[in-house]
Amino acid sequence: MKRYRVAAFGLASWDRLIFVDQYPQPGDYAIVHDTLEQAGGTTTNLAVALARLGVDVSIAAMVGDDAEGEQLRAELAAEGIDVEHVRTRAGEPTDRSLIVVSGRGATAERTIFWQQGARLRHGDFLPIEAFFAHDLVVVDIDDAALRRLIVDLPMHVSPRTRLLGPLVYLTTLEPETGLDLALRHDYLVGNAAELCYLTGTSNLEEAVTVLQDEMILSQTRFAAISCGPNGCLLIDRTGTHAVPAFEVDAVDPTGAGDAFAAGIALGILERWDMETMGRFANAMGALAVQRPGARAGLPTRDEVECFLASARVRGPDR
């Protein structure tokens with residue numbers, strides 16, 4: 001089996017999770033029944049997910065000069081990820097998130113309070129040439145100027161480089177700006193709310209129409225959109241392919257989107273058809289939500305294939 005190589009530019013973060021039965025109304029309170037601290041971050045979660053699937057991963061990110069930054073780097077290395085370009089920003093804390101997980105099963109939700117810390121920004125040294133030589137490059141940076149610089153480079157210096165762009169940080173921009181930047185990636189991955197925001201629409205059907213119109217003159221080949229308990233929708237320039245979700249007892253949705261993105265990345269590398277890619281990505285998300293935290297539920301490839309052999313598709317009335 002071929003060993004694929006993926007490079008990722010993005011964020012590393014330290015997560016503190018608080019589990020409550022239900023999220024409180026303003027001015028009310030909730031009883032905490034469990035807490036958890038662990039490594040997190042969208043890009044690093046995706047990198048760990050890919051490594052467990054048997055992909056060779058290199059990551060460029062920034063951590064603070066504190067114990068959490070050291071722990072993040074050590075955990076990534078322990079997963080077999082190349083951390084040569086996970087650098088320390090002197091005088092800054094590591095990026096942190098306080099995550100409140102409420103409810104369970106189909107009603108499980110998570111609310112993130114982001115305490116921004118050390119992150120890649122325009123002007124930092126990046127291993128562009130080495131990373132662009134990988135089979136796939138994930139660009140998951142919140143600094144818009146730096147992200148634009150990276151995604152515009154391949155057409156000039158490395159036309160064969162393929163870019164996968166998560167949508168999450170593009171929603172911090174004005175919709176028109178965020179969509180323009182999104183369409184500079186070869187592939188997009190995100191959720192329905194993110195796509196609706198970037199297309200300036202109120203529902204997924206309208207968002208798909210806008211995206212397909214914009215894709216015609218862009219370099220984007222397709223977008224993979226997670227719809228949570230409703231599965232996912234894969235969109236190219238001529239049509240869509242809906243893939244239903246699997247029936248699971250969700251414990252914590254934290255990191256499910258990162259797991260889904262890793263499944264899409266593997267599908268791109270393997271050149272799977274949309275049905276196969278969507279089922280695998282949905283299975284990644286389904287397995288991820290069954291354990292607390294972003295990392296604990298990330299499966300190996302054998303575990304995903306075992307799950308797919310016996311999993312039940314979620315019914316439309318659930």
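Let's start with two helices that meet, α10 and α11. From α10 come Arg279, Phe280, Ala283, Met284, Ala286 and Leu287. From α11 come Arg301, Glu303, Val304, Phe307 and Leu308. Keep in mind that this is a predicted model.

How do we describe such a pair? Two packed helices are described by the angle between their axes and the distance between the axes. Here helix α10, residues 274–288, packs against α11 at an angle of about 100°. Their axes are 10 Å apart. Angles from 65 to 115 degrees count as roughly perpendicular, so α10 and α11 are roughly perpendicular to each other.

Now the sheet. Which order do its strands take? Nine strands form an open sheet, and the order reads β5-β4-β1-β8-β9-β10-β11-β12-β13. The pairing is mixed. At the edges sit β5, residues 82–89, and β13, and each of these pairs on one side only. On average, neighbouring strands of this sheet are turned by 15° against each other, direction ignored.

Zoom in on one pairing. Strand β11 covers residues 222–226, and β12 covers residues 232–236. They pair in the antiparallel sense, over five bridges. Look for serine 226: it stands opposite cysteine 232 in β12.

Helices lie against these strands. Helix α7, residues 192–199, packs on the sheet and touches β10, β11 and β12. Its direction makes about 110° with that of β10. Then there is helix α1, residues 42–52. Helix α1 lies across β1, β4 and β8, and it runs at about 155° to β4.

Next, aromatic pairs. How many are there? The count comes to five aromatic pairs. Take tryptophan 114 and tyrosine 169. Their ring centres are 5.7 Å apart and the planes stand at 40°, so this pair is tilted. The two residues are 55 apart in the chain. Tryptophan 114 is in strand β7, residues 109–115. Tyrosine 169 is in the loop between β9 and α6. Are they buried or exposed? Tryptophan 114 counts as partly exposed, at 32% relative accessibility. Tyrosine 169 counts as buried, at 9%.

Another pair is phenylalanine 246 with phenylalanine 307. The ring centres are 5.3 Å apart and the planes are at 80°, so this one is edge-to-face. Phenylalanine 246 lies in the loop between β13 and α9, while phenylalanine 307 lies in helix α11, so the pair ties together parts 61 residues apart in sequence. Phenylalanine 246 and phenylalanine 307 are both buried.

Aspartate 142 sits in the loop between β8 and α4. What does its side chain contact? It makes a polar contact with the side chain of arginine 119, at 2.9 Å.

Last stop: histidine 185. Where is it? In the loop between α6 and β10. Its relative accessibility is 0%, so histidine 185 counts as buried. Two backbone oxygens lie by a polar atom of its side chain: that of leucine 181 at 3.2 Å, and that of alanine 182 at 3.0 Å. Leaving aside neighbours within four places in sequence, histidine 185 is in contact with Val139, Arg147, Val151, Leu163, Leu164, Gly165, Gln219 and Thr220.

Note on methods. Residues numbered from 1 in each chain as written. Predicted model: local features only at pLDDT ≥ 70, side-chain atom pairs only at ≥ 80, totals over all residues. Heavy atoms only, no water. Phe/Tyr/Trp six-rings, centres within 6.5 Å; stacked < 30°, edge-to-face > 60°. Helix = DSSP H or I, 4+ residues; strand = E, 2+ residues; numbered from the N terminus. Buried < 20%, exposed > 50% of the residue type's maximum accessible area, 1.4 Å probe, protein only. Polar contact = N/O pair within 3.5 Å; in protein donor to acceptor, adjacent residues only side chain to side chain. Pairing = 2+ DSSP bridges. Axes fitted to C-alpha atoms, helices over the stretch in contact; angles between N-to-C directions. Contact = heavy atoms within 4.5 Å. Parallel < 35°, antiparallel > 145°, perpendicular 65-115°, else oblique.
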